[in-house]
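Thanks for sending this one over. Here are my notes, in the order in which I would go through the model with you.

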Amino acid sequence: MNILIINGPNLNLLGKREPGVYGDNSLEEIQREILEKAKEIGTEVDFFQSNHEGAIIDALHEAMDAYDGVVMNAGAYTHYSYAIRDAIAAVKIPVVEVHMSNVSARDEFRHTSVIAPVCAGTIAGFGKNSYILGLIAAVDIISKKQK
Ligand code: DQA
């Protein structure tokens with residue numbers, strides 16, 4: 001099993017960006033923890049981060065033939081990118097939406113996810129553990145599909 005972890009805009013600044021909201025760990029540190037968990041549960045993972053909508057869409061398209069599923073934190077694109085939503089709907093692999101913060105408890109504009117209806121499910125509010133929970137959810141969905 002092979003899963004792609006996609007991070008969208010501003011998540012390259014984790015550790016420096018609003019640490020009160022997103023914590024002190026850098027994206028690299030979080031990715032290391034995801035990798036450890038992936039080894040433990042027996043799946044391969046790769047990582048992709050971009051601040052550009054089109055690059056995220058390209059990564060989703062390429063993931064269709066190369067991965068069994070995607071765990072994605074689309075950052076602020078979550079709230080308004082119909083293009084990313086359409087890309088998720090187009091690819092035939094499950095995409096698990098994750099957010100570090102509890103978006104429902106934050107600004108009004110963060111309460112809407114335009115990608116949620118085309119994702120397999122959403123995990124939000126558990127800090128860096130949102131990625132781990134997202135990975136576990138993705139592995140679960142994929143292994144059920146493979147039966
Ligand atoms: C986020 C929440 C989004 O609203 C925000 O724009 C982000 C990060 C999160 O992980 O909590 O960039 O996706």
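1. Asn2 is partly exposed, at a relative accessible area of 22%; buried would be under 20%, exposed over 50%, and partly exposed is in between (1.4 Å probe, protein chains only). Asn2 belongs to strand β1, residues 2-7, where a strand is a DSSP run of E with at least two residues, numbered from the N terminus.

2. A word on the basis: this is a predicted model, in which local features need pLDDT of at least 70 and side-chain atom pairs count only at pLDDT 80 or more, while totals for chains, interfaces and linings use all residues. Residues are numbered from 1 along each chain as its sequence is written, and side-chain values use heavy atoms, with hydrogens and water left out.

3. Which residues is Asn2 in contact with, leaving aside neighbours within four places in sequence? They are Thr43, Glu44, Val45, Asp46, Ala66, Tyr67, Asp68 and Gly69, contact being heavy atoms within 4.5 Å. Between the C-alpha atoms of Asn2 and Gly54, 52 residues apart along the chain, the separation is 23 Å.

4. Now to the ligand. The residues that surround the ligand include Arg17, Tyr22, Asn73, Ala76, His79, Ser101 and Arg110. The shell divides into four nonpolar, five polar and three charged residues.

5. Ligand oxygen atoms lie 2.6 Å from a side-chain N or O atom of Ser101, 2.7 Å from one of Asn73, and 3.1 Å from a polar backbone atom of Ala76. Of the 330 Å² of accessible area that the ligand has on its own, the protein covers 99% (Shrake-Rupley method, 1.4 Å probe).

Key: A residue is near a molecule or strand if one of its heavy atoms lies within 4 Å of it. A polar contact is a pair of N or O atoms within 3.5 Å; within protein, one must be able to donate a hydrogen and the other to accept it, and residues adjacent in sequence count only if both atoms are side-chain atoms. Ala, Val, Leu, Ile, Met, Phe, Trp, Tyr, Cys and Pro count as nonpolar, Asp, Glu, Lys and Arg as charged, and the others, Gly among them, as polar. Helices (H or I, at least four residues) and strands (E, at least two) are DSSP runs, numbered from the N terminus.
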